[in-house]
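Thanks for coming, everyone. Please have the sequence and the structure open while I talk. I will go through it piece by piece.

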Amino acid sequence: MLPFKLIYSDGYYLPIGEHVFPAHKFRMIHNRLLQEGIAGPEDFLEAVPASDDDVRLAHTSDYVGKLKNGTLSPREELQMEVPYSPSLVHAFWLAAGGSIQAAQHALRDRVGFQIGGGFHHAFPDHGEGFCMINDIAIAIRRLQKDGKIKRAMTVDCDVHQGNGTAVIFAPPDPEAKPLPSWSRATMSRIGPAADLEPFEGDVFTISLHQENNYPAWKPPSTIDVNLPDGTTDEEYLSWLDTVLTAGLRQFDPELLCYVAGADPYKDDQLGGLLLTIEGLKQRDLLVFKAAKARGIPVMVTFAGGYAQNVLDTIVIHCNTVLAAQEVFAPVASKR
Ligand SMILES: [Zn+2]
């Protein structure tokens, strides 16, 4: 039995037809975790849909109304890049609910897994890049509303920048008190020499992503690491280490939301980085070890993964569960 819960539902399947997004991947991850003996049936909890009030914590009432009533304009639907349907709305509400549950369980068990989610391209008032609503932001705002946490950090390791998350948690007036990392930081701008001041906002957003990739406009996260094409395991891990150290020196979160995208993988169809499957597991281990060392609970969401061979995407996601088990239950790691 795992020392943490995996939140899942067969309803995570996204009814989007033929699409580069592997809509069956959530079920495939679920099945592989069971088949490989990584998890047992008792480790899974069924996801429950978020309420409309939950969704409105991160999205405008106007946008939520359009989704519920089916009144998106054709342009808005195109921008979302997934075909609108009421059943797709239900799948996204379910994903948001699952992320809330994963965050709640993280506070209890130190780690909570959402076997889905990671829809970081959804903005307050519109969807983009296969993302209708931002489950990560909804989960953080719900826990804050419930008084469970005040401060959260997102660590977004998808190959694409977390633009929606950056905008949802943007400080009200970034010009009022600029920090060195608020500007669109490049790799050279953050480092040990950076003048780090405590961060006074309630959500600190970190994104490591490929610079020459979607989204073209990258609204500033608290710290962005714009990685060049062809970044290797070693380079990536070095930047992740640097940015985690810098972020956790500026900010003391009560919850870390890890967006474990599978698309920095070298054979990803939508990514241009060169991480290996082993390198991606090292990435997971680094995040979990950094959080464990500081006693910060971790909520994990899976985000993108468009490998040429879908099985690679599944293995990368399952390895994230294994990495958490190795870090948080080293003695029981062989089941
Ligand atoms: Zn992605």
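Start with strand 5, residues 203-210. Eight of its eight residues are buried, so strand 5 is largely enclosed by the rest of the structure. Buried means under 20% relative accessible area; exposed means over 50%, and partly exposed lies in between, with a 1.4 Å probe and protein chains only.

A word on the source. This is a predicted model, where local features need pLDDT of at least 70 and side-chain atom pairs count only at pLDDT 80 or more, while totals for chains, interfaces and linings use all residues. Residues are numbered from 1 along each chain as its sequence is written, and side-chain values use heavy atoms, with hydrogens and water left out.

Back to strand 5. In a regular strand the side chains alternate between the two faces of the sheet. Which residues of strand 5 point which way? V203, T205, S207 and H209 point one way. F204, I206, L208 and Q210 point the other way, and all are buried.

Now its partners. Two strands pair if DSSP finds at least two bridges between them. Strand 4 and strand 5 run parallel, joined by five bridges. There, M153 has F204 as its bridge partner. Strand 6, residues 223-227, also pairs with strand 5 in the parallel sense, over five bridges. I206 stands opposite I223 of strand 6.

Next, the metal. What coordinates the zinc ion? The donors are D158 (OD), H160 (ND1) and D263 (OD), at 1.9 to 2.2 Å. A donor is an N, O or S atom within 2.8 Å of the metal (3.2 Å for Na, K and Ca); water is not among the atoms, so sites may look incomplete. The sequence spacing of the donor residues is D-x1-H-x102-D. D158 and D263 link distant parts of the chain, 105 residues apart. D158 sits in the loop between strand 4 (152-156) and helix 7 (163-168). D263 sits in the loop between strand 7 (255-259) and helix 9 (277-294). Are these two buried or exposed? D158 counts as buried because its relative accessibility is 2%. D263 counts as buried too, at 0%.

On to helix 6, residues 135-145. Helix 6 is mostly covered, with eight of its eleven residues buried. Among them are I136, I140 and L143. Q144 is also in helix 6, and counts as buried at 17% relative accessibility. Contact means heavy atoms within 4.5 Å. Leaving aside residues up to four places away in sequence, Q144 touches I149, K150, D202 and V203. Look at D202: its C-alpha atom is 9.4 Å from that of Q144, yet the two are 58 residues apart along the chain. A polar atom of the Q144 side chain also lies 2.8 Å from the backbone oxygen of K150.

H126 is in the loop between strand 3 (111-114) and helix 6. At 16% relative accessibility, H126 counts as buried. Its side chain makes a polar contact of 3.0 Å with the side chain of D125, and another of 2.9 Å with that of E128. A polar contact is a pair of N or O atoms within 3.5 Å; within protein, one must be able to donate a hydrogen and the other to accept it, and residues adjacent in sequence count only if both atoms are side-chain atoms.

Last, some backbone details. Most residues other than glycine have a negative phi, and most peptide bonds are trans. Where are the departures? R110 is not a glycine, yet has a positive phi of about 80 degrees. R110 lies in the loop between helix 5 (86-109) and strand 3, and counts as partly exposed because its relative accessibility is 41%. A303 is not a glycine either, and its phi is positive, about 60 degrees. A303 is found in the loop between strand 8 (298-301) and helix 10. A303 is buried, at 4% relative accessible area. Finally, the peptide bond from Y214 to P215 is cis, with omega near -5 degrees. P215 belongs to the loop between strand 5 and strand 6.

Definitions and conventions: Helix = DSSP H or I, 4+ residues; strand = E, 2+ residues; numbered from the N terminus.
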